[in-house]
Amino acid sequence: MTHRQESTPASFTQQSMWIGERMGAGLTYHMPLALWFDGDLDVAALLAACADVVARHPVLATAVAESGDGLRVVPAAEPSVTLADLPDPSPDALERLIREEVTRGFDLEKGPLARFTIAPAGPGRHLLLFVAHHLVFDGMSKDILVRDLARFYEAGSRGAGSRGAGSRGAVEPLSIAGHEPGPGVLAAAREFWAGRWAEPAEIVLPGQRRTGRRYGPGEQIDAGLDHELSRDAAKVAGATGASTFEVLLAGVHALLFRYGTENVAVAIDVTTRGAGTRDHVGPYVSELPVFSRPEPGQAFREFVRDLRGELREVYRFREAPPGRALSVAPRGAAVPVSISYRRREGDPVFPGLYVTVDRMMFAGGARNPLHLQVVDGPDGLALCVRYDPVAVDRDVAARFAEGLRALLRHAAEDPDARLADLDVMPAAESRRMLIEWNDTAVAYPAEATLPGLFAEQVRARPDACAVTFEGRSLTYAELDAAAERLARRVRQAGAGRGELVAVHLRRSDLLLVSLLAVHKAGAAYLPLDPDHPAERLAMIVDEARPRLLLCESAAPVGLPGPVLLVDEEPGSGPVPEEPGRPPSPGEIAYVIHTSGSTGRPKGVEVDHRNLANLLLAMRDRLGAGSGDTWLALTSPAFDISALELYLPLIVGGRVVVAPHGAVRRPEALARLVAEQGVTHVQATPSVWRLLLPGGLAGVTALTGGEALPPRLAEELCARCDRVVNVYGPTETTIWSTFGEPGEPGVPITIGRPLANTQIYLLDASMRPVPPGVVGELCIGGAGVARGYR
């Protein structure tokens, strides 16, 4: 039988869904419902009950079609009731049947927009699968339909049911169209939403890196009954005088705020049923945005109260959402995060049967990046998270649910906790971030220093080549002797233990001799690059007050103080008989000034313990050994130069010092690298862009100091044997983290902390943020320098 009532205008909700279909909503609007029957099912009575349900709710036998005056709800064929033929009702066969029926499309203009399928599911077991399009059905309709099925089945199983019995209580088939707001309501709604509506900000979720505001295939995480969430939400509701839904919504708002969203918007599903349509099946639903502007110091109790008041205002315009009142053109889900909450009745009674109802079946479509569906039943809250995998990874969606649980757990214990103080991570995840990921302890020798580590290599391989510069090489023994001779002169010039010695030299083997000599004298060095502006050098010297200045020629103009000319040919002259006592780990190794990019340059005091830990950590991470040859390319005024100069010397390797201006001659530098067998080159991404066109390849490439662009990372990986992305500020001794880029398309990170280093991402209240959430990076451990000079 087909209903032949006159057509009526489609509601605004139906119009929005119809347009969504044209935008590719697909499975997003398919609404499946499964009833599993265990026992002796009266199939004939169930068939009759399905027919009676359709008779009572004729909206199920309608469609939505275009006409000259817009979209209309029109009569259509009745929903089909199919008895599936499953000779072998195995779980796989049932799963295929369910998937086929749930995903089978609907003809929106001709209908039917709903269907029933009855299938055997094993001995004494049956499945009733109902699938409807959202154009004629909504979440609350599920309970109404199940309740009526049970009532009609009971009547039919005892011989009292008939099609007439069902139709006597029928509702108006097209009554859904009669609930449009009047002009007065629209005017008030227009004023209300105009004062609140703003295009929702880009979603901020932990680890989410992609935009997704569209319909499309989705995925679901089904948490099932969540007893912990039920308990905590109820406890907060009791403490605040709010409903369970209001508490859940406040929790979602607070969580998004803690993730970094200042002006929070969350869409909610609100029923538009009134007293006369309370028991009607149909799309009596409206999606409304709820806005908030949380404050860090606001108590959660107060925030719930404020949001509760806002909800009361929003509910006044449930039939006039922003799209209706402000004529916002539907373009998919306007709000990236949404939540639907529905209280359900207890499971229905079908005489002689045990029935299980799956109300949270997932059709496979996503209406926005992240949607939480909550069903509140007699046993507690059932939660599932639906998400768009184009926008959100599965672990991000799961982490959101975990964050909501953690937040409400804390709020249940202390409803007056400030929003900024609420936990947003479960204890296990917090422990993983704070402790397990920072479990970097390595027992390096407590007395390790650069001079001591270098001395071990001098004794082990005195005749091995240590440094090469412009065709001249020094063995370990020769380098050590030259440094001892200069150290004696430094001490004689009055710069001994605890003093600071400025080194005003360009890159050369003489620079390396001078730096080692300062340490052998027990002093710390202050590197000055002769190519830097005279004003910067004068400022640094004026602030640092070095005891002595080492340079190759007359004292540079503007740099006051005693000068020691370092003009001796490295490797010549006698070695002092009594070398000075080496520095201890707690003494300063060097003072190096920051770039000044965030203000006035500051001198950072790095001690020998800091430096030794960095060198040993990088030795271990790189697997450094005596076969390594490093290119010393960086200005000595930048702290990363210390890695190039010293790491080879503590493992028995070799340093090849690049000539002045080498970066500007990339072809010549590539030849030098090839001729000298250089294995390791370190540079910032900006410098790597200058080097690669010269043909440099086949090395271990270290890059840091700037963000590593993906394209450059791909090129480095294609040209080099190994690529290492390192990160660290001057204040934590050169590098603090170590990572290696993965396959193209995989996000590039700064990696994990080095040995004896801890990395924390903290919010403004110095609390750890969840993985993937923006926070301030704070570094602790053996690399943290002594302080500013």
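This briefing walks through confidence, helix packing and sheets in the structure above. The model is predicted, so to speak of local features pLDDT must be at least 70 and side-chain atom pairs count only at pLDDT 80 or more, while totals for chains, interfaces and linings use all residues. Residues are numbered from 1 along each chain as its sequence is written, and side-chain values use heavy atoms, with hydrogens and water left out. Helices (DSSP H or I, at least four residues) and strands (E, at least two) are numbered from the N terminus.

**Confidence**

- Mean pLDDT (the predictor's confidence in each residue, from 0 to 100) is 91 for the protein, and 93% of residues reach 70 or more.
- Over residues 163-168 pLDDT stays under 50, and the model has 10 contacts (heavy atoms within 4.5 Å) for them beyond four places in sequence.

**Helix 14 with helix 15**

- Helix 14 (residues 476-492) packs on helix 15 (residues 509-520) at about 55 degrees, with axes 7 Å apart; axes are lines fitted to C-alpha atoms, for helices over the stretch in contact, and angles run from 0 to 180 degrees between N-to-C directions.
- That makes helix 14 oblique to helix 15 (under 35 degrees is roughly parallel, over 145 roughly antiparallel, 65 to 115 roughly perpendicular, the rest oblique).
- Among the residues that meet here are Leu479, Ala483 and Leu486 of helix 14, and Leu512, Val513 and Leu516 of helix 15.
- The residues of this contact divide into nine nonpolar, one polar and four charged (Ala, Val, Leu, Ile, Met, Phe, Trp, Tyr, Cys and Pro are nonpolar; Asp, Glu, Lys and Arg charged; the others, Gly among them, polar).

**Helix 13 with helix 18**

- The axes of helix 13 (residues 450-460) and helix 18 (residues 641-651) come within 7 Å and cross at roughly 45 degrees.
- Helix 13 is therefore oblique to helix 18.
- Leu450, Leu453, Phe454 and Gln457 of helix 13 meet Tyr646, Leu649, Ile650 and Val651 of helix 18, a set of seven nonpolar, one polar and no charged residues.

**Sheets**

- An open sheet of three strands, ordered 1-4-3, has antiparallel pairing (strands pair if DSSP finds at least two bridges between them).
- Six bridges join strand 3 to strand 4 (residues 70-75), and Glu66 has Leu71 in strand 4 as its bridge partner.
- An open sheet of six strands, ordered 9-16-15-12-10-11, has mixed pairing.
- Strand 9 (219-225) and strand 11 (285-292) each have a single partner strand, so one side of each lacks a neighbour in the sheet.
- Strand 15 (residues 370-377) and strand 16 (residues 380-387) pair antiparallel over eight bridges.
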